[in-house]
Every structure is written in structure tokens, then in C-alpha cells.
Amino acid sequence: MSTVAPHGRHIAMAFPGPVARLSLRLLAPAERREEFTGDLIEEAESRILPRHGRRAALSWFWWQIVASAPPVLARRWTRGISMNPQRWIVAAVILVMCTLMAMDSGLLSVTPRIAALVTLAIAIPAAAGLLSGSLGVYGIAAAVSALLLIAARILSTAEFRWYAMGFMAFVVLALGWAYEHRGRPPAPRGTGPGAPA
Amino acid sequence: MAKGKYLGDFEQLVLLAVMRLDDAAYGMTVRREIEQQTERNVSLGAIYATLDRLEEKGFVSSRSGDATAERRGRAKRFFRVEAPGVRALQNTLASLDRMRRGLKEVEQPAGAGT
């Protein structure tokens, strides 16, 4: 589909390009994504482009995406927490347990690079527990975390019980997921007998 | 009045812009109105985040508009200020007026009477 504007016949393909589309997908909440994207396209193509040209329109478009990230993500964060307070509990339990185990298992004696890897390995499942209720996201977080822990263990000359940290993080994640999905009825399928009205 | 019924600076600006725009208030026009009136750079994300918060509090309501070609088939979301929003704005502005009453330096808005 193309709209467009005097000195920018390529702009219809450029707005939004694949990277911008991905950024908008990650940034804007699903229920507002269409309006948000439509507003940006309308302003860039019908106001900025005719007056200031393609480069300025693209710069403006990207500036809007970047500048929008902090307020939109902060809003998503507070909204998610107010709707799912149990995620705070899951993330807090993971962080406290993992930090205690890291202190107990010799992490303080390793190099900063290894410590950074282990910290990431702890932070990723904690963030997943806080931001997501999806088993798929938990699985990816667990896999990334495991890879980081394995890399840290291979690169490290010091001994630390990395497996214990990882194991506990995954156990807590699994408990958190089970807690969130407790007693939830299966999704209705079809309209046959027994399907909810 | 309960603490939650007061508005922050940016919430006041957004509510005033929605009221000024009347039936034409959607994300980008609100952003543009604030930029033009306050000469301050505002991101669309800040507008949407604020409108979302105001809607959650019941201060504004929204409806989806028609999709248009200039937006490549994407609909607009129009906003309007509801009665609780008007009251919250009145209360916030009234408290500001009370606070500045008697202070010569700020009694007149900046730029007034020049």
C-alpha cells in the first residue's frame, strides 16, 4: 500500500521498515500498537516529509521510537505489576535466593567477567518471572541462563557451585509459573457439547 | 481530596490539550498541541502512556475511529475528557492558584501583560 508525498516516493516502503516494525512491536502494547504506528506514519509522511524531506522524516520517526521507549515501558511495567502482583513475589524470591547462593558459593572470588556472566544468568530468569507469564518465555530464559552458567563455569578457574544457582532459579521459575496458572480452566475449544456458553 | 485525585504536570497538559482539541483529540494531535503551546519536545509514547493512565483512572474515555489511507489503514483512537477528569483538573488548578495567591513574583503568568 502506498501513500505519498511529493519528494519521497520511497518513503511508503521505508515507513515503517522491518527494524522499525520490530521495534514498535517490542515497544507498543498490543492493544495500542495500531493507533501508535498510524499516528507516527501520518505525522512523518503528511507533515514532516513534505516540509523537511526524507532524511528529516526518518530521523523524526526514529527519534520518536527511541524517546517513546522510557515512558511506554515504564507504563507497561507498572500496569503489568498492578495486574499481576504475584510476579513481584516470584522475581523477589528468585533474586534473594540466587543472591544468597551466589554469595555462599564463591562468586565473590571470581573475576569480574565471570561474575557478570553469572549475574546475567540470574537476572534473566528473574526478569522473565517479573515480566512474563508465558511458559515459552520461561523456557527461553532458562536456556539462555543455562548457557551463560555453563560458559561461566568453563571460563572460570575458581570453584563455585553454579549448578546450584541455576537449579534453584529454574525451580523457583517453575513454581512461579505453576502459581500463576493454578486452577485456571483449559481454554474452550469449539462449540460442541460441554463447551462453555 | 484524595491524593489520587490530583494531577501531575504532564497529566494537566494532556487533559487540557484533549479539551482544547474537542472531537479531534487523538495521540498525534494531542502531542502537536502540547508542543505548539508549550514549545516543549514531547514523544508520542509519553502521550500514550499518560492517556492510558488517565483512562485507567476514569478521567478520559476513548473510542476507535475509522481507518484512513494516510495512515495505511490504521485507525485513530479518539479521546475525550470525562466529568471526573474535569473535576480533577479544576481542583489541581485551584490549588495552584491558592498557593500562588499573594506572591507578587508569580501572581501574573509569565509573559502576561507584556
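## Basis

The model is predicted, so local features need pLDDT of at least 70, side-chain atom pairs count only at pLDDT 80 or more, and totals for chains, interfaces and linings use all residues. Residues are numbered from 1 along each chain as its sequence is written, while chains are lettered from A and ligands numbered from 1 in the order in which they are written.

## Chain A

Chain A has 8 helices and 0 strands. Helices (H or I, at least four residues) and strands (E, at least two) are DSSP runs, numbered from the N terminus. Along the sequence the pattern is α-α-α-α-α-α-α-α.

Of the 197 residues in chain A, 31% are buried. Buried means that 20 or more other C-beta atoms lie within 10 Å of the residue's own, with C-beta atoms placed from the backbone. Take the contacts in chain A with a separation of 6 or more: 70% of them come from residues 24 or more positions apart. A contact needs C-beta atoms, placed from the backbone, within 7 Å.

## Nonpolar cores

The largest nonpolar core holds 36 residues. Such a core is a set of buried Ala, Val, Leu, Ile, Met, Phe, Trp, Tyr and Cys residues joined through C-beta atoms within 7 Å. B:Val14, B:Val18, B:Val30 and B:Ile47 touch the most other members. Both chains contribute: α3 (33-52) and α4 (54-83) of chain A, and α1 (9-21), α2 (27-38), α3 (44-56) and β2 (74-81) of chain B, each supply at least two residues. The top contributor is α3(B), with 7 residues.

B:Val18 touches B:Ala25, B:Val30, B:Val60, B:Phe79, B:Arg80 and B:Val81, leaving aside residues up to four places away in sequence. A second, separate core has 8 residues, including A:Ile114, A:Leu117, A:Val118 and A:Ile122.

## The chain B hairpin

Strand β1 (residues 60-68) of chain B runs antiparallel to β2(B), and 7 bridges join them. Strands pair if DSSP finds at least two bridges between them. B:Ser64 has B:Arg77 in β2(B) as its bridge partner.

The two strands form a hairpin with 5 residues between them. In the turn, B:Arg72 has a positive phi of about 55 degrees.

## Where the chains meet

The contact takes 23 residues from chain A and 20 residues from chain B. On the chain B side, α2, α3 and β2 give two or more residues. The largest share, 7 residues, comes from α3(B).

By type, that side divides into 8 nonpolar, 4 polar and 8 charged residues. Here Ala, Val, Leu, Ile, Met, Phe, Trp, Tyr, Cys and Pro count as nonpolar, Asp, Glu, Lys and Arg as charged, and the others, Gly among them, as polar.

Definitions and conventions
Buried ≥ 20, exposed ≤ 12 C-beta atoms within 10 Å, placed from the backbone. Contact = placed C-beta atoms within 7 Å.
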